[in-house]
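Visitor: Hi! Could you walk me through this one?

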Amino acid sequence: MIRAWSATDVRAAEEPLLAAGVPLMERAAFALATTVLADLRARRRSVRGAHVVVLAGAGNNGGDALHAGAHLARRGLAVVAVLAAERVHDGGLAALRAAGGRTVDVASDAGRVRSVVHDVAGADVVLDGLVGIGACGPLRGTGGDVVRALVADGLPGVPGDATGGPADHGPVTGRPWVVAVDVPSGIGVDDGTVPGPVLRADRTVTFGAAKPGLLLPPAAHLVGDISVVDIGLHLAGAPAVRRLAAEDVAAAWPVPGPADHKYTRGVVGVVAGTATYPGAAVLATTAAARTGAGMVRYRGSDVVARAVLAARPEVVTAPGRVQSWVVGPGVPPAADDADDGQTARGRAGLAAARGELAGLSRGPVPAVLDAGGLGLVEERCPPWFVLTPHAGELRTVLRRHGVDVHRADVEAEPLRWTRRAHELTGATVLLKGAVTVVVGPGVVYAQADAPAWLGTAGAGDVLAGILGAMLAGRAAAVVADPALAAEVAAAAALVHGLAAERATPGGPVTALDVADAVPGTVADLLTLRAAP
Ligand SMILES: NC(=O)C1=CN([C@@H]2O[C@H](COP(=O)(O)OP(=O)(O)OC[C@H]3O[C@@H](n4cnc5c(N)ncnc54)[C@H](O)[C@@H]3O)[C@@H](O)[C@H]2O)[C@@H](O)CC1
Ligand SMILES: Nc1ncnc2c1ncn2[C@@H]1O[C@H](COP(=O)(O)OP(=O)(O)O)[C@@H](O)[C@H]1O
Ligand SMILES: [K+]
C-alpha cells in the first residue's frame, strides 16, 4: 500500500528532526541524485558527460535540487542550474558552484527563458525543483514562465493557460527524462488539483512519505513512477490518502476452505438491465459470477432474465437470501414505462440491504448503487452502501442535494466533490475515472490500475458486478466496520483494472473480455499471498 500524508503532517514530522540537527536535506538530495544516476544508467551506457538541467525555485525544494545537482556534477555530469527566483537556497547554490555546476539566472533576466528552453532540449535529465510542499496556488513568476515555455516547446505537461491541452502520455524519445523533486512543481500537494502550469515527470522522488496529490487525479497523471525516500520521518496518525497494492488485495481475498459453501461465500442480488439495455444485466451478473460469488440471483423481467441465463446458466432468478445487492446498471434514472419494474425491484433490494425487509435478508447487507440506482438515494445511506458514479453522474447526485456543480468541476477537483457526496449521502462513494477515487468514513483511496482502453461502454457494469461479489464475500464485516466498504471498493477497482490489463492485447478491450479475465486475475493475485 502507498500511504500519503498531507504537507502539514510531513512538516510536523520534520520539525523535531530539524530541531535536533538531523541533515534531512542532505539525505533527500543524496537519494535524489542516486535515483537520477540509476535512471540514467538504465537509459545510456555512461553517465559521465550526461547533461542535467536543474530548475531551482526559492525554497528548500530548490535546495534539494541544487544539492542533488552538486552530487551529479561531482560524478562528472554537466550540470546547469536555472535560478528561477531572485534568491535561491544559499547552501545548495554554493555546493553546486563548488562542484563545477554552471548557473543561468532567469529571475533577473526573463530574456534568458529562451536559452533555458535550448539547454533543456539538449539535456538528458531535468530536475524540477521549482516548488515542493510549500507551493500555494498555481505556479507563478519566473518558474511558471519557464514551465510554460518548456511545454510550448514540446515537453509533456500542462501549459496552464487557455491553450491548455491534456498531458502527453507518449513514449520518451528524444526528450529529457524529467524527475520531479518531492512533487511536480505546481500541483495541489494535498488535493491533487492542477491549478496552473506543471511539467509532467517521468519519475517523482518524494521525501519522507508520498503526498496526497501524487495519488489523486488529475495531478496523478503528471507524476510518473513514484519513489518514496525514507529520510527518517515518523508519521503518526492515519494517512490522508491510500493506494492499495496487489499484495494488499491478495492478503484480504476470501479464499474458500473445506467448510465453505455458496451461502458462506456470498449471494449477490443483481437488479440490472431492462429490455432496452439487457446487456448491462449480462455484464453485471457475469462479472459477479466470475469474481467468485457463491451465487448470483438476478432480479428483472423475464425477457432480460432469458438473456442472462443464456449467457450464465448458473444464475438463479428466484427470490431468496442475498448478502449484497447490486442495483442500477442499465436501469433508467427514473421509474417509467421503460424501466420494466426495475425501479421497484431496486427499492426492494435496497430496503432489504438496510435490513428493513426481514423476509428477504437476515439483517443489513452491503449494496452497490450504480447508474439508475443512484437515483434511488433519497434518504441518508449507511456506509455499507457504495455509490459508483462517473463524473457526470456524481454531478447529478450532488445537484439532487442542492449543490450546483458542473462535470468539469468534478473533473478538476475529484476528491473535493467525492468527499462532498459522501458527506451529503452518508454512503461510501467511488468516483470512476482513469484514477478511481473512493471516499468512506475517515478514509480516502485513489487507485490507478487500469489501462485507458478500459474506458468503454459496459466497463462500469462489470465493476458493479465485481464489487457486488467482493462485498458479498465479506458482508458481515463490511456492515460492522464503517471504513471497510471503501477498502473493498478500492480493491474492486484494482481487480477491475488488472483484469482489463490482462484482457487488453495492448489494444482495445470489450467489457465482457474484462469480466472474463477476472478469474485469471484473481488466481494471479493469490500467488502473491505470503505462505502461511
Ligand atoms: N525542511 C527541510 O530541511 C526539508 C525540506 N525538504 C524539501 O523542502 C520542500 C519544502 O520547502 P519549503 O517549505 O521551502 O517550500 P518550497 O520550496 O516548496 O516552496 C516555497 C517557496 O516557493 C514559493 N512559492 C510558493 N508557492 C508558489 C507558487 N505557486 N509559484 C511560485 N512560487 C511559489 C514561496 O514563495 C517560497 O519561496 C519540500 O518539498 C522538500 O523538497 C526536504 O528536503 C526534506 C527536508
Ligand atoms: N481513461 C481511463 N483509464 C482507465 N480506466 C478508465 C478510463 N476511463 C474510464 N475508465 C474506467 O472504465 C469504467 C467505465 O465505467 P462507466 O463510465 O460507468 O461506463 P458504462 O456505464 O458504459 O459501464 C470505469 O470503471 C472507469 O473507472
Ligand atoms: K518540485
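Visitor: What covers the buried residues of H6?

Guide: The cover includes strands E2 (51–56), E3 (78–83), E6 (157–158) and E8, along with helix H5 (113–121). Helices (H or I, at least four residues) and strands (E, at least two) are DSSP runs numbered from the N terminus. Contact here has two residues' C-beta atoms, placed from the backbone, within 7 Å.

Visitor: And what sort of model am I looking at?

Guide: A predicted one: local features need pLDDT of at least 70 and side-chain atom pairs count only at pLDDT 80 or more, while totals for chains, interfaces and linings use all residues. Residues are numbered from 1 along each chain as its sequence is written, chains are lettered from A, and ligands are numbered from 1 in the order in which they are written.

Visitor: Back to H6, then. Which residues in it are buried?

Guide: Thr142, Gly143, Gly144, Val146, Val147, Arg148, Leu150 and Val151. Buried is 20 or more other C-beta atoms within 10 Å of the residue's own, exposed is 12 or fewer, and partly exposed is in between, with C-beta atoms placed from the backbone.

Visitor: How far does H6 reach from its first C-alpha to its last?

Guide: 17 Å, for 12 residues (141–152). That is close to the 16 Å expected at 1.5 Å a residue, where the expected span is 1.5 Å times one less than the number of residues. After H6 comes glycine 154, with a positive phi near 115 degrees.

Visitor: Let's switch to annotations. Which residues does the UniProt "binding site" cover?

Guide: According to the unreviewed UniProt entry, Asn61, Asp128 and Ser185. UniProt positions are in the numbering used here, feature names are shortened, and annotations may be inferred rather than shown by experiment. The three span 125 residues in sequence, yet no two of their C-alpha atoms are more than 9.2 Å apart, so they gather at one spot.

Visitor: Is aspartate 128 buried or exposed?

Guide: Aspartate 128 is buried, because 32 other C-beta atoms lie within 10 Å. Its place is in strand E5 (residues 125–129). Beyond neighbours within four places in sequence, its contacts include Leu55, Val178, Val181, Ser185 and Ala201.

Visitor: Where is serine 185?

Guide: Serine 185 is in the loop between strand E7 (177–181) and strand E8 (198–199). Serine 185 also counts as buried, with 29 C-beta neighbours inside 10 Å. Outside four places in sequence, its contacts include Gly57, Asp128, Leu130 and Gly143, and Gly143 is one of the buried residues of H6.

Visitor: Nice link. How many residues surround ligand 1?

Guide: 28, and the closest are Gly59, Asn60, Asn61, Gly132 and Gly134. To be near, a residue needs its C-beta atom, placed from the backbone, within 6 Å of the molecule. Asn61 is also in the UniProt "binding site" annotation.

Visitor: Which helix gives the most to that shell around ligand 1?

Guide: H3, with 4 residues. Helix H1 (7–19), helix H2 (24–43), H3 (60–74) and H6 each supply at least two. By class, the shell has 14 nonpolar, 10 polar and 4 charged residues; Ala, Val, Leu, Ile, Met, Phe, Trp, Tyr, Cys and Pro count as nonpolar, Asp, Glu, Lys and Arg as charged, and the others, Gly among them, as polar.

Visitor: What about ligand 2: how many residues surround it?

Guide: 16 residues, the closest being Lys432, Ala434, Gly455, Ala459 and Gly460. Helix H16 (residues 459–473) has the largest share of that shell, 4 residues. The classes are 7 nonpolar, 7 polar and 2 charged.

Visitor: Zooming out, how is the chain divided into domains?

Guide: Domain 1 is 2–243 and domain 2 is 259–526, with bounds from an automatic or database domain assignment. Their centres, taken over C-alpha atoms, are separated by 39 Å.

Visitor: Last topic, the backbone. Which peptide bond is cis, with omega near -5 degrees?

Guide: The bond from proline 217 to proline 218. Proline 218 lies in the loop between helix H7 (212–215) and strand E10 (225–229).

Visitor: And what is the phi of aspartate 340?

Guide: Near 55 degrees, a positive value in a residue other than glycine. Aspartate 340 sits in the loop between strand E14 (324–327) and helix H12 (342–353), and its 23 C-beta neighbours inside 10 Å make it count as buried. Alanine 371 has a positive phi too, about 45 degrees.
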